[in-house]
Amino acid sequence: MFQTLAYALRTLALNQVPRRPPEEVERLQEQRLRRLVRWAVARSPFFREKYRGVRLDRFRLADLPPVGKAELMDRFDEAVTDPHVRQSDVVEFFEDPGNLGRYFRGRYAVCHTSGSQGRPMSIVQDRAVLDLLFGLHFTRGNATARVGAREALRRLLNPARLAVVTTRPGFFPSAAAFAYMPAPAKRFVRKAQFSSTDPQIVERLVEFRPTVLTSYASVLETLAQDADRLRLAPDLRQVVNISEMLTEKARARVEAAFGVPVVDCYSMGECPFLSNGCPAGSGAHVNADWAVFEVVDEAYRPVPPGTLGHKVLVTNLANRVQPIIRYEIGDVVEMADRPCRCGSRLPRIARVVGRAAEKLWVRDGTRGCEVSGSLLKNACDYFHQAREWQVVQTEHDQLRVRLELLPGAALDRARAERAVADRLAFFGLPRGVEVRLEIVPRLEPDPATGKFRRLVSLGGAAGAAREPVRQAG
Ligand SMILES: [Zn+2]
C-alpha cells in the first residue's frame with residue numbers, strides 16, 4: 001500500500017510541472033543534466049574520453065559533442081555505466097522471447113529499435129525511466145484533464161482500461177515498454193495487449209471496453225474503419241498514437257471515427273517519455289523537466305521556433321545506466337513559436353515532417369538529383385480519396401506511387417497518374433523520372449520492422465549518377 005501511495009504522489013507531482021514558469025523547468029533540467037554528465041564521466045570510459053576538456057563544473061550544453069547511434073553501438077560496453085551490462089549478454093537476452101517484460105540482470109528494462117532507420121540499437125534503461133514513462137502518460141498525456149487525488153482514488157476502485165495494440169510481439173520499444181508497466185501503476189490501470197493481426201481484434205477490443213486505446217498510426221487508421229463494429233463509446237475516453245507519423249488527415253479520420261480526442265506522442269526508444277501529445281490537438285509537449293530536446297541545423301546550431309530544423313538532439317535525463325546525451329536523430333522537426341491553448345507552458349513540437357533520411361536519389365539525365373520526402377508528401381497528400389500512400393523507387397529513374405483508397409472511394413487510375421506526375425513535376429521532380437500509379441487493396445507495414453514505410457528508396461546518391469547530386473523541391 002505504501003508503494004502504491006508513493007507512486008501516486010510521485011505521479012501527481014508530475015502534473016504540476018507544465019504550468020510552472022519555464023525558467024523553473026529549465027533550472028530543474030540543468031541540475032539534472034549536470035548530475036547526469038558527471039555520473040557518465042565518472043562511470044563510463046566512453047563519455048570520459050568524449051568529454052575530455054569539458055569543464056564539468058561550468059559547461060554549457062553546446063560544449064558537449066553530439067553522440068551518434070553507431071558510436072554508442074560500437075562502444076556499447078564502454079558507454080554504459082554498469083560494467084556488468086555487456087552487449088553480448090543483452091543480445092543473447094533478446095533471443096529468448098520468454099524474456100519479454102523480464103528485467104535484465106534483475107534490474108534493467110531492455111528493448112531494441114526496429115532498425116527501420118538502419119542498424120537496430122540495443123537500449124538498456126533503469127526502472128526510473130519506466131516509472132516516469134507511465135506516470136507522464138497518466139498525467140500529462142491524459143486528454144480528459146481529470147488528474148488529481150480524487151481521480152487517483154477513483155481509479156484505485158475502478159481502474160482505467162488501457163488497450164495497447166501492436167503489430168507484433170517482440171522487444172521493440174513501444175511494445176516492450178508496456179510489458180514493463182510498474183507494479184504500483186497496475187493498481188490504477190488495467191492493461192491488455194493485443195495484436196493488430198489477430199482476426200478477432202474487433203471482438204476482443206469490444207469485450208475489453210478500453211478507456212484508452214493506444215497504438216501505431218497505421219493500426220489506428222485500420223481500426224477507425226471498423227469503428228461502427230467496434231462501438232467503444234461511451235467507455236473510450238481517448239486514443240493515443242505512440243509510433244509512426246500520424247498525418248493531419250489521418251488524425252481527423254481517427255478522431256471522427258471514435259468521437260474522442262487523439263493525442264499524438266513523439267518519442268523514440270532512446271527517450272520513450274520525450275513528449276506527450278497535446279490534449280488540445282496541437283502537436284506534442286516536450287517533458288523538459290526530464291529531457292532536453294534540441295532542434296538544430298546541419299552544423300548543430302539551434303534553429304529558432306517556427307522554423308524546420310535539419311535534425312534533433314535528444315538527452316534523456318532519467319536513464320543512468322546507458323546515458324543518452326545530445327543523441328543525434330535525423331528527424332525534421334519544427335517547434336511552436338506561440339503559447340499553447342491547452343495551458344501547458346512546456347515547449348511544444350508543432351510538427352514532425354519526417355526523417356531527413358527520408359529522401360531518395362533519382363537520375364536526371366546523367367546527373368543525380370536528391371528528392372526530399374516532403375516533396376513526395378506534398379504531391380501524394382493531394383488525393384483525398386486515399387487512406388494512405390507509398391512511393392516505391394523501382395529504378396533510379398522510375399517511381400511507383402501506390403495508393404490505398406478509403407473504403408467506398410473510387411479513383412480513375414489513368415487520370416490520377418497524370419495528376420500525381422504533374423504535381424511531382426510542379427514541386428520539382430525532374431521530368432525524366434517516370435511516375436506510375438498503382439491502386440492497391442492494402443498497404444501493409446514492412447514485415448522486417450512491423451512499421452509502415454511511406455518511402456521505399458533504392459538509396460545511394462552514388463547509384464543515381466556519377467555526376468554531382470543536386471536538390472529538387
Ligand atoms: Zn498544448
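**Strands and a helix**

Mentor: Start with V295, which stands opposite V312 in strand 11. Keep in mind that this is a predicted model.

Trainee: How do strand 10 and strand 11 pair, parallel or antiparallel?

Mentor: They pair in the antiparallel sense, over 6 bridges.

Trainee: And how many residues of strand 10 are buried?

Mentor: 6 of its 6 residues are buried, so by the cut-off each has under 20% relative accessible area. A291, F293 and V295 point one way, while V292, E294 and V296 point the other way.

Trainee: Switching topic. What order do the strands of the open sheet come in?

Mentor: The order is 4-3-5-6-7, 5 strands with parallel pairing. Strand 4 (189-195) and strand 7 (262-264) are at the edges with a single partner strand each, so one side of each has no neighbour in the sheet. On average, neighbouring strands here are turned by 20° against each other, direction ignored.

Trainee: How many bridges join strand 3 to strand 4?

Mentor: 7 bridges. In that pair, V165 stands opposite F194 in strand 4.

Trainee: Which helix lies across strand 3, strand 4 and strand 5?

Mentor: Helix 10 (residues 201-208), running at about 175° to strand 4.

Trainee: Last one, helix 2. What covers its buried residues?

Mentor: The cover includes helix 3 (45-50), strand 10 (291-296), strand 11 (311-316) and strand 12 (324-329). Among the buried residues of helix 2 are V25, L33 and V41. Helix 2 has 22 residues and reaches 31 Å from first C-alpha to last, close to the 32 Å expected.

Technical notes
Residues numbered from 1 in each chain as written. Predicted model: local features only at pLDDT ≥ 70, side-chain atom pairs only at ≥ 80, totals over all residues. Heavy atoms only, no water. Helix = DSSP H or I, 4+ residues; strand = E, 2+ residues; numbered from the N terminus. Expected span 1.5 Å × (residues − 1). Buried < 20%, exposed > 50% of the residue type's maximum accessible area, 1.4 Å probe, protein only. Contact = heavy atoms within 4.5 Å. Pairing = 2+ DSSP bridges. Axes fitted to C-alpha atoms, helices over the stretch in contact; angles between N-to-C directions.
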